[in-house]
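Me: I am new to this structure and would like to know what lies behind the labels used for it. Please set each value against its definition.

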Amino acid sequence: IAVQGFTNWNKRDFNQFIKANEKWGRDDIENIAREVEGKTPEEVIEYSGNLILYKAPFHQLRISYGTNKGKNYTEEEDRFLICMLHKLGFDKENVYDELRQCIRNSPQFRFDWFLKSRTAMELQRRCNTLITLIERENMELEEKEKAEKKKRGPK
């Protein structure tokens, strides 16, 4: 849930970053940096620190779905999934099983049969979709910023 986009990070870099996090744990920046081709440890540190959440992410996070809203999940459910995934650490081995447990223990979803009946695999698919939407939104924001800077010209 990045505040600003990273235009020099493409989907391949992101996937390498995620896999390296799963392999080494999110604190082993040296090894993670080695696995993300063409990135320095400093760039990896900046990137990993960029999943900075809002002050109250469970309420403030807005996801731009575009045409990909999907019929099944509510925005509240999606917010919860992405925030809990971040909190648990998406580099954890059984994170989607833990996420399922969090949903079951959460009083706000006490009567939400749909969300409570999702498998770990379905939760993983949904989270991947949400991450892709958030990445796309960040890239669009970055493009807009670049366009604005070009319009303004050099100072």
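**Labels and their cut-offs**

Me: Why is tyrosine 73 called buried?

Reply: Tyrosine 73 has a relative accessible area of 11%. Buried means under 20% relative accessible area, exposed over 50% and partly exposed in between, with a 1.4 Å probe and protein chains only, so tyrosine 73 counts as buried. The model is a predicted one: local features need pLDDT of at least 70, side-chain atom pairs count only at pLDDT 80 or more, and totals for chains, interfaces and linings use all residues. Residues are numbered from 1 along each chain as its sequence is written, and side-chain values use heavy atoms, with hydrogens and water left out.

Me: What makes phenylalanine 114 partly exposed?

Reply: Its relative accessibility is 21%, which falls in the class between buried and exposed.

Me: How many aromatic pairs are there, and what makes the pair of tyrosine 73 and phenylalanine 114 edge-to-face?

Reply: The count is 2 aromatic pairs. For tyrosine 73 and phenylalanine 114, the centres are 5.0 Å apart and the planes are at 80 degrees. Rings of Phe, Tyr and Trp (its six-membered ring) pair if their centres lie within 6.5 Å; planes under 30 degrees apart count as stacked, over 60 as edge-to-face and the rest as tilted.

Me: Why is the pair of phenylalanine 80 and phenylalanine 109 edge-to-face?

Reply: Their ring centres are 4.9 Å apart and the planes stand at 75 degrees, so the pair is edge-to-face. Phenylalanine 80 and phenylalanine 109 are both buried.

Me: What makes arginine 79 and glutamate 75 a salt bridge?

Reply: The N to O distance between their side chains is 3.8 Å. A salt bridge is a side-chain nitrogen of Lys or Arg within 4 Å of a carboxyl oxygen of Asp or Glu, so this pair qualifies. Arginine 79 is buried at 12%, whereas glutamate 75 is partly exposed at 28%.

Me: Where do aspartate 78 and arginine 126 stand, buried or exposed?

Reply: Both are buried, and their side chains meet in a salt bridge at 2.6 Å, N to O.
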